[in-house]
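I opened the notebook to record a few local features of one chain. The entries follow the order in which I looked them up.

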Amino acid sequence: FGESPSPDSECLFACQDDDECKYYSFYYNATTKGCRCELFSSCNSCRNLTAAIQDQSIDDASLISEQIQEYADNLDGPHTANTDILEGWTTTKKYGKSHMHTKLVKVIPGVKNPFKIDTHEFDVNIPKEGERAKCIVWGDPCISSKFVGCSFGKYFDAYEKSVNMLNALAEADDGFHCFIMLGDNFYDSDGRISVSFWKRLSIKAMSKVLIYILGNHDIWTGGAPDAGVVYDPLQYSLQYLGLDTVAGLDTASTGNWFNYQINPDNPPAGLGTKYQSIQATSSITNSINWFQLGGFGMLFFNGAYDSSELRPYFEEACSFFGDNIGDDGTIILIGHWNGNATIQSWISPYGGQMVTPDARNLLSTLPGCSKFGKNLVYFDGHGHMNEIVTVDNGYLMGAHGIMGMYPQNFSDYIGAEYGFFYTHSSPTEVHYCQEIFAPSPDEPTWVGEFDNSTINSDKYYEIIECLEEGFGGIQDCLGICEEWPYFGREEESTLVSPSANESTSTPATPTPAPPTPVSNPDETSKPTSDTTAGARTLCGLGLGALISAIFAVM
């Protein structure tokens, strides 16, 4: 619906709170904004209706509309309003009661560590200390306009292509160790989009280390704190993911994996406005941690908090890095908010008090971190472009389905693209793999305003073909991607910063070519598992082992 909250959010919540409710039917009129909600304990027609809609032989939308009307007429009560495909009555099945199970397990670096959870068998593999760690990096993936409009998510088929690419990368001979998400992850208000995505990842994809940070839309669906409402995730979206954070060190006082002592519906006095103040939503300890992975030292944090709140944790992290990461290692700072908070006025309304470049500047002054110099780099998102930011020693990865915009002017559209970073340590390299690009002077509001012929998907298909056709592992397919400068290399330390009047970043250059379609696998594996990791040194956590138990329908 492109709104926050979605019109049916209240209906969904009502069904969730009623144990007898298994389905809810919701009516929405896009013109009048009229809504109606009805709850049901059973549904006899849903399977038949779903099959009819998915029947590829039915190419007449009116026939499907008639079946929807027939279904609506058979429900208890009057359901005779408009049943157009784009509005009218919709029926949704409740996922059910879900539970997260966690356990501290031992993982030996450098070898495959087998696990079996329920009927699902998988290996967790992390590199030895100082050896090569390989990571895939995404930012701001927008695959559905359910809550926030994705300018290009539908045109690029971002949902399907994102699932297929991550699965293909995981199945490659050399694979990768960790998957980093830089915030604004699916723009999901209540978990529906997240559940749908995670369910479709393969076992191998879900056995990777997950590093997941919160962006403004992961806390407040509309993106801005002053618009916060009860339907927003308010940091509780973390329940869908298995993160190892400093909250796990305080189990004696909280007894929980995360620290949920703050109730966002009834926060303690003095923490600010309910639903709008970051301090009134959850504990800062739920969204920050640091560890070693191979030759990388990694620190992720939530930039919605200010420097005074983050500094004590930064100091402790730098002490750890100084003691454990070799002088030739790389420290990666992982944040969401990009840009310069002093000159970009759009930062403030969207909740960022500590933009990632400023966080890097702070770290570079602290004992333990200062010695790393240009080997201290950052990855961030928020700005919907994928760029190397030479002046700040960082990499921006924020284009994954939303219109690209110049960081200095959010109304200055330049086009849309998406792709991923592939980075490895020992020695450190950063590669940008652009999958799709489409230049456009205006943000389209509907498909008729967008020239689909400008979409260039050739590199997506090239990468998929290289990975799936046995040409080699990820490393052998990097010729399709572009290697970006790594600041820590001595020969690149002379990079000249742009002047104050120039853009502080260098955008990737697209290479248009006609697409070459290949088959797209439909991975529908749905494992359940229950693993977590120790704090400080990453000793084994898998994406599947950490996230999927929450999706088990009980």
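I located Glu-469 in the loop between helix H10 (458–468) and strand E18 (482–484). Helices (H or I, at least four residues) and strands (E, at least two) are DSSP runs, numbered from the N terminus. The model is predicted: local features need pLDDT of at least 70, side-chain atom pairs count only at pLDDT 80 or more, and totals for chains, interfaces and linings use all residues. Residues are numbered from 1 along each chain as its sequence is written, and side-chain values use heavy atoms, with hydrogens and water left out.

Is Glu-469 buried or exposed? I noted it as exposed, because its relative accessibility is 51%; exposed means over 50% relative accessible area, buried under 20%, and partly exposed in between (1.4 Å probe, protein chains only).

I then found that Glu-469 forms a negative surface patch with Glu-462, Glu-465 and Glu-468. Such patches take residues with over 30% relative accessible area and no salt bridge, and like charges are joined within 9 Å. A salt bridge is a side-chain nitrogen of Lys or Arg within 4 Å of a carboxyl oxygen of Asp or Glu.

Next I turned to the backbone. Most residues other than glycine have a negative phi, and most peptide bonds are trans. I recorded a positive phi near 50° for Tyr-187, in the loop between strand E7 (178–181) and helix H5 (192–199). Tyr-187 counts as buried because its relative accessibility is 1%.

Leu-234 has a positive phi near 55°, and I placed Leu-234 in the loop between helix H6 (216–219) and helix H7 (251–254). At 2% relative accessibility, Leu-234 is buried.

Notes
Patches are made of residues with over 30% relative accessible area and no salt bridge: like charges are joined within 9 Å, nonpolar side chains (Val, Leu, Ile, Met, Phe, Trp, Tyr) within 5 Å. Accessible areas come from the Shrake-Rupley method with a 1.4 Å probe; for residues, only the protein chains shown count as cover. Lys and Arg count as positive and Asp and Glu as negative; His and the chain ends are not counted. The place of a charge is taken as NZ of Lys, CZ of Arg, CG of Asp or CD of Glu.
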